[in-house]
Amino acid sequence: MAGEYIPLEDAPVYGGQLVRIEEIIESLTKNHPGADVTLVQRAYIYAAGAHQGMTRRSGEPYLNHPLAVAGILCDMKLDVASVAAGLLHDTIEDNPEVTYEDVAKKFGKEVADIVDGVTKIGKMNFSSATERKAENLRKMIMAMMTDLRVILVKLADRLNNMRTLGFMPEHKQSAIATETLDIFAPLASRLGIHKIQTELEDLSLFYLEPAAYSEIRLNLSAGRSDRQQYVTEVIEYLTRRVQEFKIKARIEGRPKHIYSIWHKMRDQNLSFDQLYDLTAFRIIVDSIQDCYSALGVIHSVFKAIPGRFKDYINMPKANGYQSLHTAVIGPRNTRMEVQIRTVDMHNYAENGVAAHWRYKNGGAVSSEETQRITALRSILNWQENLDNPDAFLTSVKDSLAEHESIYVFTPAGDIKDLPAGACPVDFAYSIHTMVGHNCVGAKVNGVIVPLRQKLQNGDIVEVMTSRNGTPSRDWLNYAASPRAKARIRQWFAAEERVKAVDFGHEMLEKEMRKAGLPKAKLANQELLKNLGYANLDELNAAVAFGKQSIRQIMQILAPEKFKPETPAEPRHPAGHDAGAAPDYARHILVSGQSDIFTKLAKCCSPIPGEPIIGYITQGHGVSIHSATCVSLAGLDSDRLISASWSDQQEQLFDVHLQVRTENGPGLLLSVLNIISPLAENILEAHAAEDAGGDGVMSFVLAVKNQSQFNSVLKALKEIPAVKRAERIFPEKA
Ligand code: MN
């Protein structure tokens with residue numbers, strides 16, 4: 001199937017030909033008089049150095065490729081920065097000694113960013129793209145490109161690669177052609193770059209469906225002279241008629257491209273002979289007024305086919321395309337398609353987005369242009385029906401509200417779609433739960449970063465894992481994806497259950513030893529059934545969490561030694577001091593469960609809202625400490641367990657507050673006046689003077705939660721005379 005691409009009648013100038021830097025400079029100077037072509041000259045020399053000694057599969061020097069790409073960009077009349085980037089587009093990827101920084105230093109950030117963007121697209125893995133995935137890929141390419149010239153350079157790159165695809169082995173030819181048809185031709189189409197789109201499609205078809213391609217081509221050339229005559233006839237006739245109405249017009253008849261013919265044959269199940277409109281006629285005029293006048297002429301001399309008139313001038317396509325379309329029964333009684341547009345519209349139809357950079361000499365992009373680009377970016381979000389104006393508006397709106405998602409890459413070039421604000425932890429969990437659990441570090445674009453770092457569109461993310469790595473509670477604070485959060489919580493819940501099971505087991509064993517009972521007695525189905533547990537692990541966990549009294553177990557196992565508790569209720573909290581507030585349990589979730597017996601530690605008296613942590617006590621349930629409590633350091637870390645405040649709290653909590661002020665009359669009263677409306681209640685208030693002459697006031701306040709207490713602190717700190725306001729812990733004070 002390998003073979004040479006036979007250029008179409010309207011094949012571009014540079015196809016497969018050697019382009020010289022002089023031609024590029026000349027073309028640039030012509031398109032952009034006064035442009036700084038030295039940038040392009042320097043880029044040429046730099047690229048020559050970077051690719052020195054490299055050859056393409058064809059055997060020609062590698063440099064011919066960037067030169068050809070630059071040539072295509074010149075054809076599109078793009079600006080100096082685009083052309084320079086075209087020359088440099090493969091340097092970062094192909095030469096390890098060339099870096100973004102180096103390119104930026106030598107050619108400026110604008111050029112370097114384009115090269116960098118092209119390099120990133122080059123690293124993406126498009127293989128085995130399903131239709132939906134292809135749509136996502138196209139979206140993503142648009143989302144990550146702040147500068148559309150990146151895509152233009154990439155399209156030029158792809159076009160040259162397609163033109164020289166004959167040198168590739170066959171299996172690569174079809175893979176690359178498929179990718180072109182799935183990703184790049186639609187991109188060109190959505191950007192309105194008709195010229196590149198049609199050539200990419202024809203080239204892809206040539207490699208993917210060589211038989212169909214040759215057949216259509218053969219048929220086209222077989223009927224060629226006849227068709228040519230018909231086309232000439234029509235053009236002459238149309239020219240006469242519009243001249244009668246004093247409309248200045250250029251009329252052309254162009255054969256449709258092979259891919260569109262093939263597409264139509266396949267979609268409508270037609271043979272080549274059944275196709276009537278192989279030629280599209282265009283009437284190109286000077287003004288919009290003339291467009292409608294010309295339309296009137298056409299409709300007055302030919303019979304219009306109902307339902308085929310489209311006014312894309314009043315309602316442009318999403319990609320900005322404007323024209324009048326109609327179909328009529330033309331000479332020889334055949335159907336004929338006619339497009340009517342102004343010169344500007346025609347230029348845009350051929351070059352689409354690229355037309356924007358045509359007359360720009362590297363100056364700043366105007367806000368109007370930026371808006372236009374924003375609208376264009378939405379095009380890729382477009383699923384279908386470009387003709388529907390409502391959909392267009394919705395899509396533009398969506399694109400303005402976009403960025404709920406970011407797209408990043410694996411080192412292999414696969415794409416991951418993450419919520420905005422995602423960090424490497426989210427990325428790790430998006431790969432696999434175990435990659436998340438074992439994640440110990442991350443590299444973004446090759447640089448080691450903290451796991452909390454926010455990822456950006458287009459980042460290449462690499463996760464470092466260790467078999468011993470485990471999640472950190474911290475991750476819950478910066479993970480953005482529900483999936484990662486759920487997995488992290490799950491891990492802690494599972495880990496804590498294991499801890500609780502182990503610890504409950506230990507506690508039970510100890511009691512058994514004390515009572516002189518063999519521990520084998522615990523594996524007793526009767527006992528488990530009696531107490532309502534499915535298995536021994538459940539029983540052990542219940543013991544650890546203080547949900548199950550050990551005494552009750554002993555009493556069942558050795559009734560002769562242990563007198564019954566009164567009354568013997570299953571799952572009764574284990575013995576605990578009566579002083580601990582038993583009601584607190586319903587405000588605290590331990591390891592996500594609300595039915596665990598807890599008490600607040602006296603060393604720190606945590607208040608709702610502040611971060612807390614549980615500690616499995618010996619038979620007294622779980623004591624709850626403030627996460628910042630200093631006494632935690634002295635505790636067995638294996639018995640620490642996650643705890644959080646549940647949402648419903650009606651209860652008030654006592655908190656001790658100390659305020660230091662400059663000494664002055666009436667200060668206690670003003671402080672009380674501040675606190676009183678903010679706290680639920682003031683239970684105690686003391687004022688004294690310390691040796692340095694400062695006023696020292698202490699209060700016991702009743703508050704609902706930490707944020708209420710914080711609002712008290714904040715208000716106090718706003719009083720100029722207040723030197724300090726802080727929470728104190730009386731037990732330690
Ligand atoms: Mn390339």
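1. Helix α2 has as its buried residues Leu39, Val40, Ala43, Tyr46, Ala47 and Ala50. They cover an arc of only 120 degrees around the axis, which puts them on the same side of α2. The coordinates discussed here and below belong to a predicted model.

2. What do the buried residues of α2 pack against? Their partners are α1 (21-31), α4, α5 and α6. The length of the helix can be checked as well: for the 13 residues of α2 (residues 38-50), 1.5 Å a residue gives a span of 18 Å, and the end C-alpha atoms are 18 Å apart, which agrees.

3. Taken as a whole, the chain has 26 helices and 20 strands, and 48% of its 733 residues count as buried. Among the contacts in the chain with a separation of 6 or more, 67% are accounted for by residues 24 or more positions apart.

4. The manganese ion has four protein donors in the model, namely His65 (NE2), His89 (NE2), Asp90 (OD) and Asp157 (OD), which lie 2.2 to 2.3 Å from the ion. Along the chain these donors follow the spacing H-x23-H-D-x66-D. Because His89 lies in the loop between α4 (80-88) and α5 (91-94) while Asp157 lies in helix α8 (residues 149-163), the pair ties together parts that are 68 residues apart in sequence.

5. How many salt bridges does the model contain? The count comes to 22, and the general principle is that side chains of opposite charge can pair when their charged atoms come close. One further case is the salt bridge in which the side chains of Asp116 and Lys120 meet, at 3.6 Å from N to O. Both residues lie in helix α6 (residues 100-123), four residues apart, about one turn of the helix. Asp116 is partly exposed, with a relative accessible area of 23%, whereas Lys120 is buried, with a value of 17%.

6. Arg308 and Glu337 form another salt bridge, with the closest N and O atoms 3.1 Å apart. Because Arg308 lies in the loop between β3 (303-304) and β4 (310-311) and Glu337 in strand β6 (residues 335-342), the pair ties together parts that are 29 residues apart in sequence. Arg308 is partly exposed, with a relative accessible area of 28%, while Glu337 is buried, with a relative accessible area of 18%. Elsewhere, Arg20, Glu22 and Glu23 are linked in a network of salt bridges.

7. Why can strand β15 (residues 622-626) be described as largely enclosed by the rest of the structure? The description holds because five of its five residues are buried. In a regular strand the side chains alternate between the two faces of the sheet. In β15, Val622, Ile624 and Ser626 point one way, and Ser623 and His625 point the other way, all of them being buried.

8. Strand β13 (residues 598-600) runs parallel to β15 and is joined to it by three bridges, with Val622 as the bridge partner of Thr598. Strand β14 (residues 612-616) pairs with β15 in the antiparallel sense over five bridges, and here Ile613 stands opposite His625. The hairpin of β14 and β15 has five residues between the strands, and in that hairpin Gly619 takes a positive phi near 80 degrees.

Technical notes
Residues numbered from 1 in each chain as written. Predicted model: local features only at pLDDT ≥ 70, side-chain atom pairs only at ≥ 80, totals over all residues. Heavy atoms only, no water. Donors = N, O, S within 2.8 Å, 3.2 Å for Na, K, Ca; no water. Helix = DSSP H or I, 4+ residues; strand = E, 2+ residues; numbered from the N terminus. Buried < 20%, exposed > 50% of the residue type's maximum accessible area, 1.4 Å probe, protein only. Pairing = 2+ DSSP bridges. Salt bridge = Lys/Arg side-chain N within 4 Å of Asp/Glu carboxyl O. Expected span 1.5 Å × (residues − 1). Arc of directions from axis to C-beta. Contact = heavy atoms within 4.5 Å.
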